[in-house]
Amino acid sequence: MGRLVVVSNRVADPRKTAAGGLAVALADVLNATGGLWFGWSGKVVDATDEDEVHVQQAGPVKLLTVNLSQADHDAFYLGYSNGVLWPVFHYRLDLADFDAGYIGGYRRVNQLFARRLLPFLQPDDVIWVQDYHLIPLAAELRALGCRQRIGFFLHIPLPPPLILAAIPGHDWLVRALFAYDLVGFQSKADLNHFAGYVETEAHAQRVEDGRWRAFGRTVHAGAFPIGIDVEEFTALTNAPEAMEMYERMQKEYSRRKLLVGVDRLDYSKGLPQRMRAFRELLTRHPETRRSATLIQIASPSREDVGAYTDILHELEALCGSINGNFGELDWMPVRYMHRTVARARLPGLYRAARVALVTPLRDGMNLVAKEFLAAQDPADPGVLVLSRFAGAAEQLREALLVNPYDSEGTAAAILLALQMPLEERRTRHAAMMESLRRHDVHWWCDSFLAALGEARAEEKGPSWLRL
Ligand code: ADP
């Protein structure tokens, strides 16, 4: 394989452990091929130095970053990416802000990325574009003459065709996907939505399994569920910082069973619904009062987008009312923290929990579910309560799968989780660990790149119709 070029909205330094599993997996291939990683620096500046590319050497890997102007940041990042694509792709048409000005900024930044990246490319490079911020990037690169193999992976869900069709310009977006050689999704459900959309809206033909023809072009598409680096996470779990956290939690909660929720504070995570289910549990099963505590960590996220402050207030009000109604002098049912937990300590918290509540309303994959499993003691593991609407539910069939909109059903599953006998916990955990190991983040990376290598090259040079 030629040199790998990764393009994503943000760039992580793969040498730093805080970068997480994805960066670690990509770093393996980037290091091996002496690759490039290109993206936004995270800096918003005056338009004047917008054209510069900052180059930083991280071992054999080059990190290339560009700054954004305030106007581009507002329209591309806050506006179109997080005000239109994020909510709609998570089925939340009600939260989308279809301001007509955003799409121009989205396109402008994709063009800027293409123009800035182009001079760094070599003929046999393999380009891998990540996520919803950069859907039209390949089309913009092709318009500039780029003929290299380009793959795209969507980390978030793809909604059903009629939801996707509500986006003004949806046809433009999907057409842009046909400039790639391979498009990867998190789950079979997402792939089916893609097939449904292109076949009904774009009259695409399924040429063979996993290959569609439309707009005079063909594209390969497949499901490549992302995993975690199980070995890295196990090592993190056994390291002193996580052990210390685990022991502190054990001591603090020795008389109670601990339930844990760890999320970004995002409306897709179903946090208010989770609190309602927990309230339902305490109401219907008084024996769980005093014996169970829910620790909910919600890390601050995208606070400059309006819908995020609404969810923050809703969650605070619910936690307050549960504690007000059920709390005792020596027991608070919910411990809610609006902060990030250091990655090194997180496995200790997971391991101390008897139950993890991972109940998004919609999620591309959900890595917290996988991290929770990897951090457990196989001899005495905790139980995963998982939303059927998380991509991870396609793989983790031995979790207690719930519908997060159904607070009674979710409360019943939480009760089952709290009471599950050791033998059953072990069996379920072992089965899920096998799946996690088989489909870890290295498998994800290798299988996507292998499929991209095989995706039949087709002339996608400058003749590719301009968007
Ligand atoms: P998303 O990408 O939508 O945030 P995922 O569950 O797929 O959801 O990935 C979240 C990642 O961020 C995981 O690696 C998880 O450990 C980390 N994370 C999420 N919430 C927190 C938090 N409150 N504190 C620390 N890390 C968090």
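Colleague: In this predicted model, at what angle do the axes of helix α10 and helix α14 cross?
Modeller: Start with where they sit: α10 covers residues 271-284 and α14 covers residues 407-419. Their axes come within 8 Å, and the crossing is at roughly 70°.

Colleague: And what do we call that arrangement of α10 and α14, roughly parallel or roughly perpendicular?
Modeller: Angles from 65 to 115 degrees count as roughly perpendicular. The α10 and α14 axes cross at roughly 70°, so α10 is to α14 roughly perpendicular.

Colleague: Which residues of α10 meet α14?
Modeller: On the α14 side you'll find S407, E408, T410, A411, I414, L415 and L418. Sorted by class, the contact has 6 nonpolar, 2 polar and 4 charged residues. The α10 side brings R276, A277, E280, L281 and R284.

Colleague: Okay, how about α8 and α9, why are they called oblique to each other?
Modeller: Helix α8 (residues 230-238) and helix α9 (residues 240-252) have axes 5 Å apart and pack at about 60°. Roughly perpendicular begins at 65 degrees and roughly parallel is under 35, so α8 and α9 count as oblique.

Colleague: How many charged residues are in the contact of α8 with α9?
Modeller: α8 gives L236, T237 and N238, while α9 gives P240, A242 and M243. By class that's 4 nonpolar and 2 polar, and the charged count is none.

Colleague: Now the ligand: which residue has a side-chain N or O atom 2.8 Å from a ligand oxygen atom?
Modeller: There are 16 residues around the ligand, with R264, K269, V341, L367 and E371 the closest. V341 uses a backbone N or O atom, 2.9 Å from a ligand nitrogen, and L367 also uses a backbone one, 3.0 Å from a ligand oxygen. The side chain at 2.8 Å belongs to R264.

How values were computed
Residues are numbered from 1 along each chain as its sequence is written. This is a predicted model: local features need pLDDT of at least 70, side-chain atom pairs count only at pLDDT 80 or more; totals for chains, interfaces and linings use all residues. Side-chain values use heavy atoms; hydrogens and water are left out. Axes are lines fitted to C-alpha atoms, for helices over the stretch in contact, and angles run from 0 to 180 degrees between N-to-C directions. Helices (H or I, at least four residues) and strands (E, at least two) are DSSP runs, numbered from the N terminus. Angles under 35 degrees count as roughly parallel, over 145 as roughly antiparallel, 65 to 115 as roughly perpendicular and the rest as oblique. Contact means heavy atoms within 4.5 Å. Ala, Val, Leu, Ile, Met, Phe, Trp, Tyr, Cys and Pro count as nonpolar, Asp, Glu, Lys and Arg as charged, and the others, Gly among them, as polar. A residue is near a molecule or strand if one of its heavy atoms lies within 4 Å of it. A polar contact is a pair of N or O atoms within 3.5 Å; within protein, one must be able to donate a hydrogen and the other to accept it, and residues adjacent in sequence count only if both atoms are side-chain atoms.
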